Amino acid sequence: MFLLCWCHFLFTFQSASRYIQKTKNILKCVLCVPIALCVLYFTGPSISYLVGFLPMEKCSLERADLLSLEYGVDASLDFWSRSDVQTCTSWKAPVLWDGMFDPDLYDQTHSNEGSSVALTVFAVGRYLDAYLETFLKSSEQHFMLGLPVTYYVFTDLPEKMPDIKLAPHRSIKVIKVDRHSRWQDVSMMRMKTISEVIESDIRHHCTHVFCFDVDQVFTGRFGSEALGESVALLHAYYYRLPKSLFTYDRNPKSKAYMEVGDFYYHAAVFGGSWKSVKALTEACYQGIMEDKKNNVEALWHDESHLNKYMWLHKPSRVLSPEYCWDTSIGHRRDIRVTRLQWAPKHYETLRTG
């Protein structure tokens with residue numbers, strides 16, 4: 001009898017152990033799904049194409065005049081011309097897509113307002129030869145045409161500046177900066193440099209600031225409809241993905257740490273009034289320096305800090321990925337026009353030496 005009970009116990013225990021192990025394996029598979037999807041998204045064109053069919057949230061406002069209006073012309077935005085995408089945020093800011101706005105109305109409004117724009121771009125080391133001339137020439141064809149524009153080019157090689165023919169009321173200022181040994185430091189320390197130049201120069205001459213990475217090419221109108229108090233850009237690789245896949249910094253020791261957010265923003269393009277951009281760059285720089293003191297580096301460097309700032313201080317205007325698109329993603333039905341495109345990346349040569 002004892003032997004029978006003991007055998008029964010062993011059988012029950014082994015069955016329970018197998019059940020627990022099976023449950024663990026299932027949980028592991030479930031947890032791996034988001035990671036696997038992310039890997040497939042970035043490596044498989046077919047998966048990337050399928051992601052384009054994932055639904056976006058929809059604007060809850062019936063009319064544009066219910067927005068938190070920055071300019072009267074924003075009331076003319078046509079949300080329902082783009083029923084395929086999200087056209088406003090939960091805090092009543094517009095998300096700009098092709099077909100929603102009348103470019104002439106915006107140009108006239110900002111001309112009457114006396115808007116003027118500072119464009120900042122860093123071309124350090126080999127990035128100057130690889131990208132700067134194409135960036136500036138394409139900007140002259142597409143960026144804020146009809147408005148006064150001042151380019152602020154930050155470089156360690158001012159003597160190698162390309163000769164660019166500029167339209168009337170457009171000028172270039174070249175500012176020498178130090179070259180850091182790590183590209184990550186160039187990326188992060190630009191926040192300090194932009195803030196300082198806004199204080200010393202830009203605020204006396206320009207109403208708005210836009211900050212760009214240099215490895216991009218303007219391919220279509222990037223106009224006055226993009227101007228606002230605080231402007232963020234939806235990242236081309238994340239705008240249709242579930243929020244659980246957003247690559248926020250998840251390290252609680254970092255000042256960029258986030259558990260949740262609204263969108264995933266791309267630091268290749270951001271802007272706003274000079275006051276707002278100064279506040280953003282100062283806050284990001286302070287976060288970066290606090291991390292350095294604690295021997296921490298945010299996952300995506302200044303972009304992680306920018307996402308944290310935009311979570312705490314909501315942008316008043318959000319740009320769709322057509323304002324910074326990577327053609328290697330492939331065809332997307334919702335991207336009717338590309339206004340700025342990623343240039344080919346050559347990190348293995350540009351980020352060494």
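Start with helix H7, residues 302-312: eight of its 11 residues are buried, so the rest of the structure largely encloses it. Buried means under 20% relative accessible area, exposed over 50%, and partly exposed in between, with a 1.4 Å probe and protein chains only. The buried residues of H7 are Asp302, Glu303, Ser304, His305, Leu306, Asn307, Tyr309 and Met310. Helices (H or I, at least four residues) and strands (E, at least two) are DSSP runs, numbered from the N terminus.

A word on the source. This is a predicted model, where local features need pLDDT of at least 70 and side-chain atom pairs count only at pLDDT 80 or more, while totals for chains, interfaces and linings use all residues. Residues are numbered from 1 along each chain as its sequence is written, and side-chain values use heavy atoms, with hydrogens and water left out.

Now zoom out. The protein has eight helices and 10 strands. Of its 353 residues, 50% count as buried.

Next, the sheet. Eight strands form an open sheet in the order S1-S9-S7-S8-S5-S2-S3-S4, with mixed pairing. Two strands pair if DSSP finds at least two bridges between them. Strand S1 (95-96) and strand S4 (170-176) stand at the edges with a single partner strand each, so one side of each has no neighbour in the sheet. Strand S7 (residues 230-233) and strand S9 (residues 317-319) run parallel, joined by three bridges. Val231 stands opposite Arg317 in S9.

What about the core? A nonpolar core is a set of buried Ala, Val, Leu, Ile, Met, Phe, Trp, Tyr and Cys residues joined through side-chain atoms within 4.5 Å. The largest one has 95 residues, and Phe143, Met144, Phe210, Phe212 and Phe222 touch the most other members. Helix H4 (residues 126-142) supplies the largest share of this core, six residues.

Finally, the rings. Rings of Phe, Tyr and Trp (its six-membered ring) pair if their centres lie within 6.5 Å; planes under 30 degrees apart count as stacked, over 60 as edge-to-face and the rest as tilted. The count comes to 25 aromatic pairs. Phe101 and Tyr106 form an edge-to-face pair, 6.2 Å centre to centre with 85° between the planes. Phe246 and Tyr264 form a tilted pair at 6.4 Å and 55°. Both lie in the loop between S7 and S8, so this pair ties together parts that are 18 residues apart in sequence. Phe246 counts as buried at 6% relative accessibility, and Tyr264 at 2%.
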